[in-house]
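Student: I have a new model open. Where do I start reading?
Tutor: Start with the whole fold, then go to single residues.

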Amino acid sequence: MEKRRLGTGGLTVSAIGLGCMGMSEFYGTQDDQESIATIRRALDLGVTLLDTADMYGPFTNERLVGEAIRGRRDGVVLATKFGNERRADGSWVGINGRPDYVHRACDASLDRLGVDHIDLYYQHRVDLAVPIEETVGAMAELVAAGKVGHLGLSEAAPATVRRGHRVHPIAALQVEYSLVERGPEPELVPTLRELGIGLVAYSPLGRGLLTGRIRSQADLPEGDSRRLRFPRFEAANLARNISLVDRVQTVAAAHQATVGQVAIAWLLQQGADIVPIPGTKRRTYLEENVAAGALRLTPAELEQLSDALPPGSVAGDRYSDMSTVAR
């Protein structure tokens, strides 16, 4: 597995990480034993970056990841997040970036994960009621205390990233980026490169849209959040978006690869500072995703794919409520 650097502080991770969110919530049913086996298989394949958050479950995903890495901590770059505050019953409190909460949230995550430090600690969403300087200042205190190795932000706007980075170096900005979500390209990617900050791309497969396996809403399990919270999967939008994804088939066939593997390969070749974290809860799909790291697309194919799914071509917003992103 190729290694990539995030930021300028020496944080090195696998070129492809593993998003663990869906193992505990949002995308259909859960199978903890298969999820744990998937995490351990990822480590066997050279994946080092594991991504979780306190809100996933809520709280149960961190416990799951902690159990899976027990005895293998040294081979893991452990990333988790705070800021989307939820209660144990799953209800939402709101976005919280207050310094006292930063400390409490970190201690709670350390306890659930069963570790003494977090390698990469993100603010999950920006709290507009708290200056980013205060939130990052509290996060920097965690670094000084040895509880956190490196800091990250998620879904922060370029100006916010700059302000936070002035308080303490930011190693990574996590944002949705894929062939069907090109939003970071005009402003965010140049800002990150100017500042020497890595980009961790979540939903690099467009929440499953870029796997080629979703052909209608009937392919989404009952209770799957994509039916309700993600307009790109509404019936009318989905038909349009499937037709766009089908344009990737030609390149996939030329490499005897899946559409999803081509999508990950395209993202990897957008820059050595980009690390996709495709999520899955099954070993079969994990192995398929990791194999994409060996796929090399030609410059002509990269251009063909970019032209086939140009920015703004996908129907529907990323979320039904876009007020909490790009702040």
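Tutor: Keep in mind that this model is predicted. Take burial: of the 327 residues of the protein, 59% count as buried.

Student: Which secondary structure elements does the protein have?

Tutor: There are 11 helices and 12 strands.

Student: How do I read the contacts in the protein?

Tutor: Look at sequence separation. Among contacts with a separation of 6 or more, 75% join residues 24 or more positions apart.

Student: And the surface?

Tutor: The protein exposes about 13000 Å², with carbon and sulfur atoms supplying 49% of that area. For charge, compare mean positions: those of the 37 positive and 41 negative charges are 1 Å apart.

Student: Now the backbone. Which peptide bond is cis?

Tutor: Check omega. The bond from Gly57 to Pro58 is cis, with omega near -5°. Pro58 sits in the loop between strand 4 (49-51) and helix 2 (60-69). Phe59 lies in that loop between strand 4 and helix 2 too, and its phi is positive, near 75°, though it is not a glycine.

Student: Is Phe26, with its positive phi, buried or exposed?

Tutor: Phe26 has a phi of about 85° and is not a glycine. It belongs to the loop between strand 3 (18-19) and helix 1 (32-44). The cut-off for buried is under 20% relative accessible area. Phe26 has 13%, so it is buried.

Conventions: Residues numbered from 1 in each chain as written. Predicted model: local features only at pLDDT ≥ 70, side-chain atom pairs only at ≥ 80, totals over all residues. Heavy atoms only, no water. Helix = DSSP H or I, 4+ residues; strand = E, 2+ residues; numbered from the N terminus. Buried < 20%, exposed > 50% of the residue type's maximum accessible area, 1.4 Å probe, protein only. Contact = heavy atoms within 4.5 Å. Areas by Shrake-Rupley, 256 points an atom, 1.4 Å probe, with all protein chains shown as cover. Lys, Arg positive; Asp, Glu negative; His and termini not counted. Charge placed at Lys NZ, Arg CZ, Asp CG, Glu CD.
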